[in-house]
Amino acid sequence: MKIAVCVKEVPDPGPNRRIDPGTKRMDRSGDRSLNQYDLHAVEQALRLKEAEGDGEVVLISMGTSRALDSIRKGLGMGADRAVLVSDDAAAGSDLVATATVLAAALQAESPDLVLFGQQATDGDGAVLWAAVADKLRMPVVSQISELEVGGGQATAKRQTEFGYDTIRAPLPAVLAVADSLNEPRYPSLKGIMGAKKKPQEVKSLADVGVDAGDAGEAGSRTTVIGLYPPPSRGETIKIEDDGSGAQKIFDFLLERKLV
Amino acid sequence: MSTLVFLEHHGSSIQRGALGVLAKAAQLDPDVAGVLIGSGVREIAADAGRFGAKKVFVADDPALDAPLPQPRVDVLGKLVQDQGFDTVLFGASVLAADVAGGLAARLGAGLNWDLSDLEVGDGGLVGKRSALGDTVLADVGWSADPKLGLIRAGSFDPAETGGEAAVEEIGVELEDFSSKAEMVEQAHAEQVGPSIEEADILVTGGRGLGSPENFSILEELASVLGGAVASTRAVVDSGWYPYPTQVGQTGKVVSPKLYLGAGVSGAIQHKVGMQTSQTIVAINKDPNAPIFEFSDMGIVGDLNEIVPKLTELVKERKA
């Protein structure tokens, strides 16, 4: 079984992340790492391959040319090779443009299974798999917290606002996994050393057959108009409980007509 | 502006989040239409009129019974093209996100997500969203039609305006790949009170509760307040409370009228899921807990004493 895992390099979570006010794009010049949610998808792909005793795990990504530094973590965990689509004309891609590029890169691989993590920590998006599945004309299941793959199909349990759904889909399929599905392994020292020697292909838009007008800002349909600091929440009251804490909360709720 | 709102339903009612989006859309576009996609949904179509829809398109087919996204993309894609809608809005949910993402690809359309407000400026529709752990706010737009938007849960109140909607049935043609995924089972968790994204009042328990048994005192308080109980990542990871109740970056984003945190430290991963709550009250024995920085009212104290007392006070008031 050939499993493709879509991964993304993101700015490290924390206070140093910023959106460049000039380009209104994510500033990707600082410390970067592989999107933590993608590690769960890589882990699941490795487990499926190990359970089957055969197969290939390919990491697929779009990003700056330096993104391989982060993607190598997935190779260190055990993925077999990586394909990075990197092209100046792909910078600033929104959802549709990104889906177009990734779908083209995936099509070239003809995987049996396409895995995604549950969201990206930079854009907070959690929709890309659905767009890619539509482009690939494959069934999609998202937010998967339990997964069985075998006999040419995937059976997935996933959480919604109402409880748990169990959904079955024939392969090839696009599956997005929740971070509750597994605990990603740490790359071993041997894995990290070996990762550098694994195949890492950097492709241009032309290599994957995408017209420059369908990627980057030219292929995007959303815009960022302006950026602002968030408003402060205003007054906060902090009181040490002297036995009247419950009463104080109650009075406060009454005042705000919440009881 | 010609706007379509995706009216997600569950059982025989339209979701509150979708009705909120509909009510907001009706302010921006008096001729807003809604679309209901499912099986046996004709009867509830007229309800949308009371929340501002002038028209409701109904795709009613047994093949649309299960809440799966791809058949809904087929129906929406054709409807948007046939009717020429320039804006399609969704109240965020697991289903709606997958439908919106698929529709964006199908129509080659722009999708903005996490929107907490919408306005129409000189340049057309503008969405408001926060980004990077709510450390920055952004005005976002669209450079082409149709414009797709996913609205953060709890952003708009479903205000009844009492109108009536014309109902029009539409045909259903599904793509071959759209019916490949099938629902095997829907094991719906028993929901005690409203689900946390729909509740006006949330009582949230964190690691400071000390033990899973202590959730019972929060359940009692939530019950007398008419709210629901929510939890944090730490508590869910420890197996103290079920994942559907988890608020935060990896859980649900909530915006209740009242968020009351008991033993919740207010780590950033949790904060991003609840900081748009209208009123935040915190009880924590650690005076340095970050939650006090963004609480309207904070009590440094023992939740085991304060919470039961508060429950009694509310009970007395209601009696």
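**View 1. A:Lys24, a non-glycine residue with positive phi.** A:Lys24 has 15 other C-beta atoms within 10 Å and is therefore partly exposed (buried means 20 or more such atoms, exposed 12 or fewer, partly exposed in between, with C-beta atoms placed from the backbone). Its phi is about 60°. A:Lys24 is located in the loop that connects strands E2 (9–11) and E3 (32–34) of chain A; helices (H or I, at least four residues) and strands (E, at least two) are DSSP runs numbered from the N terminus. The model is predicted: local features need pLDDT of at least 70, side-chain atom pairs count only at pLDDT 80 or more, and totals for chains, interfaces and linings use all residues. Residues are numbered from 1 along each chain as its sequence is written, and chains are lettered from A and ligands numbered from 1 in the order in which they are written.

**View 2. A:Ser110, a further non-glycine residue with positive phi.** The phi of A:Ser110 is about 45°. A:Ser110 occupies the loop between helix H3 (95–109) and strand E6 (113–116) of chain A, and counts as exposed, with 9 C-beta neighbours inside 10 Å.

**View 3. The cis peptide bond between A:Leu171 and A:Pro172.** Omega is about 0°. A:Pro172 belongs to the loop between strands E9 (163–170) and E10 (173–177) of chain A.

**View 4. The cis peptide bond between B:Asp145 and B:Pro146.** Here omega is about -10°. The loop between strands E9 (136–142) and E10 (147–151) of chain B contains B:Pro146.
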